[in-house]
Amino acid sequence: MLAVVVGSALLVIYLITSIHRKNNSSLNDIPNAHFSVPYSRLWYQSLQWRKMENRTRVHLHRRLGPVVRIGPRAVSVNCIDDGVRTVYSSKFDKDASFYQALCDQIDLMVTMTGNDEHRNRKRMLSRPYSNSYILNSQTLDSVLSRVSRRLGEEVAEWASTGISVDVYQQAKCCTLDVASGWLFGSENATDTLRDPGFENDLTKLASAALKRLSLHSAHWSITYFANWIGNGLPDQNAKGRWEAWLTRVITDSYRRHPTKPPSNASLYDHFYDSFKAANPDMPLNEAASHIAVECDDHLSASHTSVGTVLSYTMYELSRDPDWQRALRKELLTLAQPSDQSLAHRVANLPVLDAVVTETLRTRAPSPGPFPRVVPDSGCRLAGKFDIPGGTVVSSSVWALHFNPVPFPSPEEWRPGRWLEADRDTLAEMRKWVWTFGSGARVCIGNHYSLRGRFHPFTIPDVRSSKKVLTRQMSTVIKELLVTVYTTYETSVDEGFTGNVEQVDAFSAGPLADCLKLKFRRLP
Ligand code: HEM
């Protein structure tokens with residue numbers, strides 16, 4: 001009886017303080033996503049729990065406008081000017097609790113919250129990810145051509161046997177093999193196109209990390225209970241194999257480092273030199289552990305997200321023979337003699353670029369949302385809403401990309417929109433493409449993933465309004481597509497009935513966990 005009385009009294013006190021808080025908040029002027037959001041996070045947590053967070057935001061913004069309240073101190077923003085540009089500037093810190101759940105390592109570039117600390121780390125790591133570096137990297141060239149050759153052999157086999165191929169998995173294998181070679185040198189690259197066991201380990205570990213993130217969004221007691229019964233914990237065997245591999249390649253890279261010629265330098269070599277130059281007195285094992293953690297993160301990022309874009313591009317092309325024909329026609333021009341390298345020429349193929357850009361828009365592999373904390377000084381969003389310091393503001397990539405104003409019929413995959421638009425429309429559409437984030441914490445892998453974006457479709461750096469990625473050579477995604485579509489055509493396996501929609505989660509592969517295609521050699 002006493003417990004009921006005390007419980008009821010606590011509930012009443014909680015409601016009164018919540019209402020009081022609501023009445024004092026300038027967030028009251030913002031449309032509510034649900035009647036309960038000024039008082040409680042429960043409604044939003046239930047969306048996260050049910051994996052409906054980003055899809056719901058698409059509809060919420062269509063119905064309620066560019067700024068929507070989604071929690072007592074949380075707001076979703078879906079406009080570029082006075083929205084994304086403001087929130088994703090260097091004045092807004094990442095929301096620590098979210099990023100720490102995303103990755104349990106805190107001393108890692110992606111999870112760092114302090115701006116100074118982040119700036120230092122970025123300065124150390126970003127050179128080999130810069131546009132010009134990627135443009136001239138012999139290491140990346142040789143790794144890519146090795147993986148393209150392997151892929152060519154596999155595709156020839158798939159076409160001759162007519163088997164149904166899970167291109168989602170194969171694409172992840174390709175991107176893992178490229179990324180591991182780029183990180184640790186060709187001698188340490190994985191060969192998962194031939195032996196996919198190791199790729200499976202990495203996929204298992206990535207799913208466990210995602211589960212942990214989704215548990216974190218729920219109440220702490222659920223997280224505690226789930227951890228207690230082992231749900232969300234990584235597969236120990238996969239983890240052991242992964243750690244053993246990482247230790248081996250890092251040790252090998254360390255051993256080779258002093259004698260490696262700069263033309264063969266891998267990312268590891270750059271990271272090592274940068275850490276040493278920035279902290280000459282740092283003990284070796286401490287530097288090694290920083291480098292290992294960054295390499296681990298960079299490998300996971302490349303593997304799943306780049307693999308997702310590559311496989312969905314192939315899936316969309318398989319559903320649209322007209323675009324496949326247009327692409328092939330364009331790719332056949334590469335056979336003509338030219339003084340330019342293949343990589344430069346791939347960068348100048350508008351159909352290929354439109355096809356990839358449209359997939360980055362409709363199938364963004366990391367939909368977010370990416371939460372930031374409003375600084376103490378507060379901010380103004382959409383020109384009319386004053387947001388107090390401490391509020392968590394975030395944007396969803398899918399909500400921005402499925403906005404029907406810049407993108408009519410936004411759910412349709414229509415590469416032609418990038419080729420037919422006039423100059424102003426194109427500039428407006430570009431502004432809304434947010435696949436790699438923007439501002440101070442924009443993805444450092446964007447040049448790597450898209451080596452060779454054709455200049456009319458460059459993604460604007462919304463922080464400075466400068467156009468980045470002006471003219472690069474080829475691309476990891478594009479070069480692998482050239483390998484396939486110059487000689488083969490693909491179609492969706494007619495027996496495949498899996499759900500091809502994306503999981504609404506931080507890493508958004510297909511719900512079916514596979515995309516099955518067939519290959520045919522063209523005459
Ligand atoms: C298609 C592929 C990729 C997509 C869609 C993607 C997307 C993103 C997004 C949206 C962010 C911003 C996150 C935020 O604001 O919280 C980000 C950050 C980041 N990405 Fe990527 N990424 C991709 C590939 C890569 C690759 C290949 C690498 C590394 C090789 C990478 C490394 C990073 C790092 C280190 C950050 C943190 C940057 C910082 O905080 O300064 N990403 N990525």
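Donors here are N, O and S atoms within 2.8 Å of the metal (3.2 Å for Na, K and Ca); water is not among the atoms, so sites may look incomplete. By that rule, Cys443 (SG), at 2.3 Å, is the only protein donor of the iron atom of the ligand. This is a predicted model: local features need pLDDT of at least 70, side-chain atom pairs count only at pLDDT 80 or more, and totals for chains, interfaces and linings use all residues. Residues are numbered from 1 along each chain as its sequence is written, and side-chain values use heavy atoms, with hydrogens and water left out.

**Overall make-up**
- The chain has 22 helices and twelve strands. Helices (H or I, at least four residues) and strands (E, at least two) are DSSP runs, numbered from the N terminus.
- Of the 523 residues, 55% count as buried. Buried means under 20% relative accessible area, exposed over 50%, and partly exposed in between (1.4 Å probe, protein chains only).
- Among contacts with a separation of 6 or more, 73% come from residues 24 or more positions apart. A contact means heavy atoms within 4.5 Å.

**Iron site**
- Cys443 sits in the loop between helix H20 (423-432) and helix H21 (446-449).

**Open sheet**
- Five strands form an open sheet with mixed pairing, in the order E1-E2-E8-E5-E3. Its edge strands are E1 and strand E3 (93-94), each of which pairs on one side only. Two strands pair if DSSP finds at least two bridges between them.
- Strand E1 (residues 67-71) runs antiparallel to E2, with four bridges. A hairpin of two residues connects E1 to E2. Val67 has Val77 of E2 as its bridge partner.
- E2 pairs with strand E8 (residues 392-394) in the parallel sense over three bridges. Here Ala74 stands opposite Val392.
- Strand E5 (residues 372-373) pairs with E8 in the antiparallel sense over two bridges. Val373 also stands opposite Val392.
- In a regular strand the side chains alternate between the two faces of the sheet. Strand E2 (residues 74-77) is covered on both faces: Ala74 and Ser76 on one side, and Val75 and Val77 on the other, are all buried.

**Cavities**
- On a 1 Å grid over the protein atoms alone, a cavity is a set of points where a 1.4 Å probe fits but cannot get out; lining residues have an atom within 4 Å of a point. Grid points are joined across faces, edges and corners, and a volume is the space filled by probe spheres set on the points.
- Two cavities of 30 Å³ or more are found.
- Helix H8 (138-161), helix H9 (167-184), helix H14 (284-319) and helix H22 (476-485) each give at least two lining residues. H9 has the largest share, with four.
- By class, the lining has ten nonpolar, one polar and no charged residues. Ala, Val, Leu, Ile, Met, Phe, Trp, Tyr, Cys and Pro count as nonpolar, Asp, Glu, Lys and Arg as charged, and the others, Gly among them, as polar.

**Asp107**
- Asp107 is in the loop between helix H5 (96-102) and helix H6 (115-125). Its relative accessible area is 27%, so Asp107 is partly exposed.
- Beyond residues up to four places away in sequence, Asp107 touches Met112, Glu117, Arg121, His290 and Glu294.
- Val249 lies 142 residues from Asp107 along the chain, and their C-alpha atoms are separated by 21 Å.

Terms used: On a 1 Å grid over the protein atoms alone, a cavity is a set of points where a 1.4 Å probe fits but cannot get out, and a pocket is an open set with protein on both sides within 12 Å along at least five of seven lines; lining residues have an atom within 4 Å of a point.
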